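Open the model in your viewer and follow the stops below. Each stop names what to select and what is there.

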Amino acid sequence: MVMSLINQRFGEVDEDISSQISNLSSEDLESLVKALFDFKNLADLLSWLEKR
C-alpha cells in the first residue's frame with residue numbers, strides 16, 4: 001500500500017528505495033505515511049529515509 005502511494009505521488013521509484021521501504025518497521029511505515037503528505041518531491045522522501 002505504501003509503495004502504491006509513493007509511486008502514485010512520485011512515479012516509479014528505483015529498487016534501492018523500494019528495498020529501504022520494505023525493510024521499515026511497522027512503526028516507521030506509519031510515520032512514513034504521515035510524512036508523505038508533507039513531501040514536496042522525491043528528495044524529501046530520500047531525506048526522510050536517510051534519517052531512519
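**The whole chain**

Start with the cartoon view. From the N terminus on, the elements run α-α-α-α. The chain is as compact as a globular protein of that length, because its radius of gyration is 10 Å, close to the 10 Å that the globule rule gives for 52 residues. This is a predicted model.

Count the elements: 4 helices and 0 strands. Draw a box along the principal axes, and the C-alpha atoms fill roughly 25 × 25 × 20 Å.

Of the 52 residues, 27% are buried. Turn to the contacts between residues at least 6 apart in sequence: 58% join residues at least 24 apart.

**The charges**

Select the charged side chains. There are 5 positive and 10 negative charges, and their mean positions lie 10 Å apart. How many salt bridges does a search of the whole structure find? It finds 2.

Select aspartate 28 and arginine 52. Their side chains form a salt bridge, at 3.7 Å from N to O. This pair links distant parts of the chain, 24 residues apart: aspartate 28 sits in helix H3 (residues 26-36), arginine 52 in the segment after helix H4 (42-50). Aspartate 28 is partly exposed at 23% relative accessible area. Arginine 52 is also partly exposed, at 48%.

Next, select glutamate 30 and lysine 34. Here the closest N and O atoms of the salt bridge are 3.3 Å apart. Both residues are in helix H3, and because they are 4 residues apart, about one helical turn separates them. Is glutamate 30 partly exposed or exposed? Glutamate 30 counts as partly exposed, at 47% relative accessibility. Lysine 34, at 54%, counts as exposed.

Notes. Residues numbered from 1 in each chain as written. Predicted model: local features only at pLDDT ≥ 70, side-chain atom pairs only at ≥ 80, totals over all residues. Heavy atoms only, no water. Salt bridge = Lys/Arg side-chain N within 4 Å of Asp/Glu carboxyl O. Helix = DSSP H or I, 4+ residues; strand = E, 2+ residues; numbered from the N terminus. Buried < 20%, exposed > 50% of the residue type's maximum accessible area, 1.4 Å probe, protein only. Rg over C-alpha atoms; globule rule 2.2 N^0.38 Å. Contact = heavy atoms within 4.5 Å. Lys, Arg positive; Asp, Glu negative; His and termini not counted. Charge placed at Lys NZ, Arg CZ, Asp CG, Glu CD.
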